[in-house]
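Please examine the sequence and the model below before reading on.

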Amino acid sequence: ASLLGLLCEVSFYDPRKVSEAKNVAEEAMSLAKRGSVPWARGAAAKILGALHGNNIDDLLNTLQTFREVDPAPEAVNALVFAANTGVFVLDVLGRIEASNEIMALIERFCEVIGPVREQRSLAAAFWRVDRAMRDAYAIEDPWSALVHARAAVSLCEDLNHTVLLTFARGSHGMNLWYLGALAEAEQVLGEATPTDDELGPIASI
């Protein structure tokens, strides 16, 4: 199951392999303990594969299994990453209420290893960035989004995570703009961004 989980993780970052990963993902999820690292990696690959195949029912069914997960502490980062993929997809589909429910699960997963607002983990960084990007439209609270964006920038800098830091800085600037701080927003959004090679598959976003 561990090897299958690694194969799923590799396919997640290679668009050429996403559509072929469904069987591997399903096997990883069936063999691995629910809530373990290999299971979470399989779930992430299955969610992305369902999106690429426009199989929304399969995607939603996979996300539904997260409600029954009792995560192992060492699997929290992988589980949050998988659930985060679901949040992105649901938001794109306009299913904000369902996406908010997944956000609540992400927070629950993070709390397995401690209070999420005090954490310096990768899982907490995903949660912070999600809140920074979503709170303005998902719960109509741009101030909350700004607070999370500033916290996300600090955390992602500490973790040296280029991709999440880029999202955090972008959210910081956009939330300043929403709140009318146009000069500060322009300054933040005008900062240099990483190259496409540094950002990888998400560069187009």
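In this predicted model, I47 has a relative accessible area of 0%, and a residue under 20% counts as buried, so I47 is buried. Its place is in helix α3. Which residues surround I47, apart from its neighbours within four places in sequence? The contacts of I47 are L59, T62, L63, F66, A82, T85, G86 and V89. One of these, G86, is 39 residues from I47 in sequence, yet the two C-alpha atoms are 6.7 Å apart in space.

The chain as a whole may now be considered. The protein chain contains eleven helices and zero strands, and its pattern along the sequence is accordingly written as α-α-α-α-α-α-α-α-α-α-α. Of its 205 residues, 47% are buried. When contacts between residues at least 6 apart in sequence are considered, 58% of them join residues at least 24 apart.

R34 is located in the loop between α2 (22-31) and α3 (37-52). Is R34 buried or partly exposed? Its relative accessibility is 38%, and R34 therefore counts as partly exposed. Neighbours within four places in sequence aside, R34 is in contact with W39, T65, E68, V69 and D70. With E68 there is also a polar contact, which joins the two side chains at 2.5 Å. The C-alpha atom of R34 is separated by 9.0 Å from that of F66, a residue 32 places away along the chain.

Together with W39 and F109, F66 forms one aromatic cluster. How many aromatic pairs does the structure hold? There are four aromatic pairs. F81 and F126 form a pair that is edge-to-face, with 5.6 Å from centre to centre and 65 degrees between the planes. F81 belongs to helix α5 (residues 76-92) and F126 to helix α7, so this pair ties together parts of the chain that are 45 residues apart in sequence. F126 has a relative accessibility of 8% and therefore counts as buried.

Helix α7 can next be followed to the helices packed against it. Two packed helices are described by the angle between their axes and the distance between the axes. For helix α6 (residues 96-111) and α7, the angle is about 155 degrees and the axes are 11 Å apart. An angle over 145 degrees counts as roughly antiparallel, and α6 and α7 are therefore roughly antiparallel to each other. Their crossing is left-handed. On the α6 side, the residues that meet α7 are I96, S99, N100, M103, I106, E107 and C110. On the α7 side, the residues are A123, A124, W127, D130, R131, R134, Y137 and A138.

With helix α8 (residues 142-159), α7 packs at an angle of about 150 degrees, and the axes are 7 Å apart. This angle makes α7 roughly antiparallel to α8. The crossing of α7 and α8 is left-handed. From α7, the residues that meet α8 include L122, A125, R128, A132 and D135. From α8, the residues include P142, S144, A145, H148 and L155.

D135 is in helix α7, which spans residues 122-138. Its relative accessible area is 2%, and D135 is therefore buried. Where does the side chain of D135 make a polar contact? The partner is the side chain of R131, at 2.9 Å. Residues up to four places away in sequence aside, D135 touches D130, E140, D141, S144, A145 and H148. Among these, S144, A145 and H148 are also among the α8 residues that meet α7.

Technical notes:
Residues numbered from 1 in each chain as written. Predicted model: local features only at pLDDT ≥ 70, side-chain atom pairs only at ≥ 80, totals over all residues. Heavy atoms only, no water. Helix = DSSP H or I, 4+ residues; strand = E, 2+ residues; numbered from the N terminus. Buried < 20%, exposed > 50% of the residue type's maximum accessible area, 1.4 Å probe, protein only. Polar contact = N/O pair within 3.5 Å; in protein donor to acceptor, adjacent residues only side chain to side chain. Contact = heavy atoms within 4.5 Å. Phe/Tyr/Trp six-rings, centres within 6.5 Å; stacked < 30°, edge-to-face > 60°. Axes fitted to C-alpha atoms, helices over the stretch in contact; angles between N-to-C directions. Parallel < 35°, antiparallel > 145°, perpendicular 65-115°, else oblique. Left-handed = near helix turned anticlockwise from the far one by under 90°.
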